[in-house]
Amino acid sequence: MTLDNDELPKTFVLNNGVQIPTVGLGTWQAPLNATRDAVSFALQQGYRHLDCAYIYLNEREVGEGIRASGVPRSEVFVTSKVWNLFQDDVAGNLEKTLDNLGLDYVDLYNTSLTLGVLQLVHWPIKFLPADAGAPNPLRPLNPDGTYKVDRTWDQGVTWAGMEAVYAAGKARAIGVCNWSIPYLEALAKSWKVVPAVNQVENHPFLPQHALKAWCDARGILLEAYSPLGGPGAPVLQDEDIVAVAKRNGVTPATVLISYQVNRGIVPLPKSVSHERLVQNLRVVRLSAEDMALLDGLAAKGKAQRLNKPPFCWDLGFDDWD
Ligand SMILES: NC(=O)c1ccc[n+]([C@@H]2O[C@H](COP(=O)([O-])OP(=O)(O)OC[C@H]3O[C@@H](n4cnc5c(N)ncnc54)[C@H](OP(=O)(O)O)[C@@H]3O)[C@@H](O)[C@H]2O)c1
């Protein structure tokens, strides 16, 4: 029998002692006209963790949703991310994010349960400025449609900027996204603050077992982005996952979200649908057999990365050209 499980933790503890709710609401590609309602509704239903980013261009609507929810800001854990173009000005980009979200700095510090702002490096890549007149200056492109990447940039400089906003108290924790083991090993030579999290694509087709073991050993919590496989939620259709869902009397989405919490990873499912928002809050204990099956799907030939922007840059993942 599957239990909606009170024993499963509602929060994990970051390596600096800050508590992070185990399921976060993703906001990438939440349309502007749906974001405020989705965030407000989600918080009213019990979400306490929002995953945002400057580049999602909807942080204003997220902030409106927080205020409309009636949930005290002090109870909400908010994550944002430095965009690739601004790695030489982490503090400036964070200021813009906080302005967009409408967060009050003072509230960050006035109680022990302060509004959590987890600040992440979005990708270990710095962009070059866009050409004059480029249609989207935030996403500078080469003529062939690939991103304009600054191949000389030292990620240690970006991380020093992150450490500075942390030291200044503007982020309660700092972390990275999309960092492979070789990148983390290089950063470890100069980091003063160990990243609190590494947010990466993660689902049974891309379980990242080696990365998880590496991060576990250093107290870095993994967060699973695209836990349902991303837009359209393709992983939900997989026959093995559907079978686990049927066996447990839950939906495939509940299996995928629960899979992550059961293995000590924070899933960040995105939805703007009331029905799916409620569904995605459900977390159940999965048996050792089900966990082993899900853990083994990639090795069984189903390995697949679904989010792979054309950076044309070796990010150090085995499956990234
Ligand atoms: N750091 C990074 O580089 C990075 C990259 C990608 C994503 N992320 C973060 O991770 C979050 C989640 O990833 P994601 O947005 O790529 O994908 P996801 O959460 O795996 O999947 C979202 C898709 O699944 C649908 N969906 C949600 N719940 C469902 C359910 N119960 N049943 C069926 N379909 C469902 C959504 O549609 P509806 O909205 O219509 O429900 C949407 O199409 C993002 O929003 C973002 O916050 C970070």
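Visitor: How far is an oxygen atom of the ligand from an N or O atom in the side chain of R276?
Guide: This is a predicted model. R276 belongs to the residues that come nearest to the ligand, together with D51, S226, L228 and S271. Between an N or O atom of the R276 side chain and a ligand oxygen, the distance is 2.5 Å.

Visitor: What share of the ligand's accessible area does the protein cover?
Guide: The ligand sits in the largest pocket, and its shell comprises 14 nonpolar, 13 polar and four charged residues. On its own the ligand has 910 Å² of accessible area, and the protein covers 90%.

Visitor: Are the rings of W123 and W320 stacked or edge-to-face?
Guide: The structure contains ten aromatic pairs. W123 lies in the loop between strand 6 and helix 4, and W320 in the segment after helix 11, 197 residues apart. Their ring centres are 5.8 Å apart and the planes meet at 65°, and over 60 degrees counts as edge-to-face. The pair is therefore edge-to-face.

Definitions and conventions: Residues are numbered from 1 along each chain as its sequence is written. This is a predicted model: local features need pLDDT of at least 70, side-chain atom pairs count only at pLDDT 80 or more; totals for chains, interfaces and linings use all residues. Side-chain values use heavy atoms; hydrogens and water are left out. A residue is near a molecule or strand if one of its heavy atoms lies within 4 Å of it. A polar contact is a pair of N or O atoms within 3.5 Å; within protein, one must be able to donate a hydrogen and the other to accept it, and residues adjacent in sequence count only if both atoms are side-chain atoms. Accessible areas come from the Shrake-Rupley method with a 1.4 Å probe; for residues, only the protein chains shown count as cover. On a 1 Å grid over the protein atoms alone, a cavity is a set of points where a 1.4 Å probe fits but cannot get out, and a pocket is an open set with protein on both sides within 12 Å along at least five of seven lines; lining residues have an atom within 4 Å of a point. A molecule sits in a cavity or pocket if more than half of its atoms lie within 2 Å of its grid points. Ala, Val, Leu, Ile, Met, Phe, Trp, Tyr, Cys and Pro count as nonpolar, Asp, Glu, Lys and Arg as charged, and the others, Gly among them, as polar. Rings of Phe, Tyr and Trp (its six-membered ring) pair if their centres lie within 6.5 Å; planes under 30 degrees apart count as stacked, over 60 as edge-to-face and the rest as tilted. Helices (H or I, at least four residues) and strands (E, at least two) are DSSP runs, numbered from the N terminus.
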